[in-house]
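The following questions and answers concern the structure shown below. Please consult the sequence and the model together while reading.

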Amino acid sequence: MTEIAYDKANSILELRGIGEKRKQILDIIDTQMNLSDLKSDPILQQIEESLFGIDVTRNKTEEKFYLRDHVVEEMSRLDESDYLRYLRYRYRYDIYPILHKTEKYPPLVQIEPTSICNYRCVFCYQTDKRLTDKKNGHMGVMGLDLFKKIIDQLEGNIEGVTLASRGEPTVNKKLPEFLQYMTGKFLATKVNTNAYLLDEEVMHAILQADLQTLVFSADAASEPLYSKLRVNGNLDRVSKNIEYFYHIKENQYPSSKLITRVSGVSYNSDQDIGEMERFWRQYVDQVAFVDYNPWENVYDAAKKYVDHPCSDLWRRMFIWWDGRVAPCDVDYLTTLSTDTITVNTIPEIWNGENYKRLRDNHLSGRRSTMEPCSRCVVV
Ligand code: SF4
């Protein structure tokens with residue numbers, strides 16, 4: 001299960017000392033930017049104007065870009081020499097969905113190491129037998145060769161790579177090799193896990209992989225609520241794994257820049273945010289909630305008639321374990337796309353006929369004629 005969108009992590013509870021970090025980062029960016037770079041790079045021009053209010057182009061920017069708290073936290077752990085590279089990525093991620101702008105590659109690609117999950121969370125599409133019934137062909141595990149083929153296309157072309165989507169990444173025993181292969185190639189890397197199968201080998205692989213963010217999915221800090229929401233889960237086992245990970249990180253990787261986060265789905269009124277914060281904050285840097293979207297039954301949910309174009313069509317691409325491409329993981333049965341990277345390249349797909357049709361429909365007020373877009377609340 002993935003976070004609905006990273007923007008929704010604005011519900012991260014209390015990032016300490018963020019004001020001072022923001023000031024330091026802005027000072028460094030200010031000295032790194034020079035006018036000759038700005039003249040030749042339209043994205044840097046926009047960033048300069050948005051962050052510092054300086055109209056270098058003499059034109060008004062269409063949309064303001066600013067450093068959200070979690071972006072400040074991410075940048076504070078980067079080498080200063082990577083700041084401008086990272087800002088270009090963040091600008092594309094935040095602003096291109098507003099401008100409805102595309103380039104050759106999407107700002108971020110989510111790769112699912114597997115569609116199989118050991119949990120059956122109440123709010124998750126893993127409860128839908130149309131997905132999990134093996135005879136329907138949706139269940140499987142990505143091979144190392146396909147993963148390398150994807151990473152080879154992405155290296156040097158994008159910064160955002162997330163390993164997670166419909167399944168639990170640690171189910172794929174090749175995950176340590178995946179992490180090793182992508183190490184040092186991207187600035188904004190993330191893995192999501194429910195932490196149930198997190199063993200010592202995977203912990204070390206994560207800590208050696210130069211990963212930016214590790215998200216532990218958990219929506220409660222006590223039983224029986226945890227197991228009621230995370231069906232097949234076990235809070236005792238998961239919290240011991242997360243605590244053990246914390247100790248390995250602190251004792252064996254003291255210079256690790258990894259950000260750890262517990263992220264839950266805000267699902268019902270029994271969830272106590274204060275208890276979540278007190279319990280998980282012992283072991284992780286951040287505690288966050290994302291909004292609930294009816295992932296578990298989107299194809300059967302009532303129509304929502306949301307008019308706004310969906311940001312995912314300009315923000316990120318999903319690649320399933322078998323190479324099939326989807327515009328989102330709300331469409332977990334892959335009804336919106338027939339694309340596959342075993343036939344076409346990522347730029348061919350991102351700028352191809354299927355994506356063009358999807359974007360055109362969303363931009364021209366025909367979102368409600370598309371399924372499951374008409375029943376989905378993502379904007
Ligand atoms: S179902 Fe449609 S509207 Fe919802 S996230 Fe996917 S592409 Fe966007």
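Q: Which residues in α9 do L175, P176, L179 and Q180 in α8 meet?
A: This is a predicted model, in which local features need pLDDT of at least 70, side-chain atom pairs count only at pLDDT 80 or more, and totals for chains, interfaces and linings use all residues. Residues are numbered from 1 along each chain as its sequence is written. Helices (DSSP runs of H or I, at least four residues) and strands (E, at least two) are numbered from the N terminus, and residues are in contact if their C-beta atoms, placed from the backbone, lie within 7 Å. The partners in α9 are E201, V202, A205 and I206.

Q: How are α8 and α9 oriented, roughly parallel or roughly perpendicular?
A: The two helices pack at an angle of about 10°, with their axes 9 Å apart; axes are lines fitted to C-alpha atoms over the stretch in contact, and angles run from 0 to 180 degrees between N-to-C directions. Angles under 35 degrees count as roughly parallel, over 145 as roughly antiparallel, 65 to 115 as roughly perpendicular and the rest as oblique. Therefore α8 and α9 are roughly parallel.

Q: Which residues of α8 make the contact with α7?
A: The axes of α7 (residues 144-154) and α8 (residues 175-182) come within 10 Å and cross at roughly 20°. These helices are therefore roughly parallel to each other. From α7 the contact draws on L144, F147, K148 and I151, and from α8 on E177, F178, Y181 and M182.

Q: What is the orientation of α3 relative to α5?
A: Helix α3 (residues 42-52) packs against helix α5 (residues 83-99) at an angle of about 85°, with the axes 10 Å apart. The angle therefore makes α3, relative to α5, roughly perpendicular.

Q: Which residue of β7 is the bridge partner of Q110?
A: Eight strands form an open sheet in the order β6-β5-β4-β3-β2-β1-β7-β8, with mixed pairing; two strands pair if DSSP finds at least two bridges between them. Strands β1 (residues 108-111) and β7 (residues 316-319) run parallel and are joined by 4 bridges. The partner of Q110 is F318.

Q: How many residues of the shell around the ligand are charged?
A: The ligand is surrounded by C310, D312, L313, P327, C328, V330, D331, P372, C373, C376 and V378, each with its C-beta atom, placed from the backbone, within 6 Å. Ala, Val, Leu, Ile, Met, Phe, Trp, Tyr, Cys and Pro count as nonpolar, Asp, Glu, Lys and Arg as charged, and the others, Gly among them, as polar. The shell has 9 nonpolar residues, no polar ones, and charged residues numbering 2.

How values were computed:
Two residues are in contact if their C-beta atoms, placed from the backbone, lie within 7 Å.
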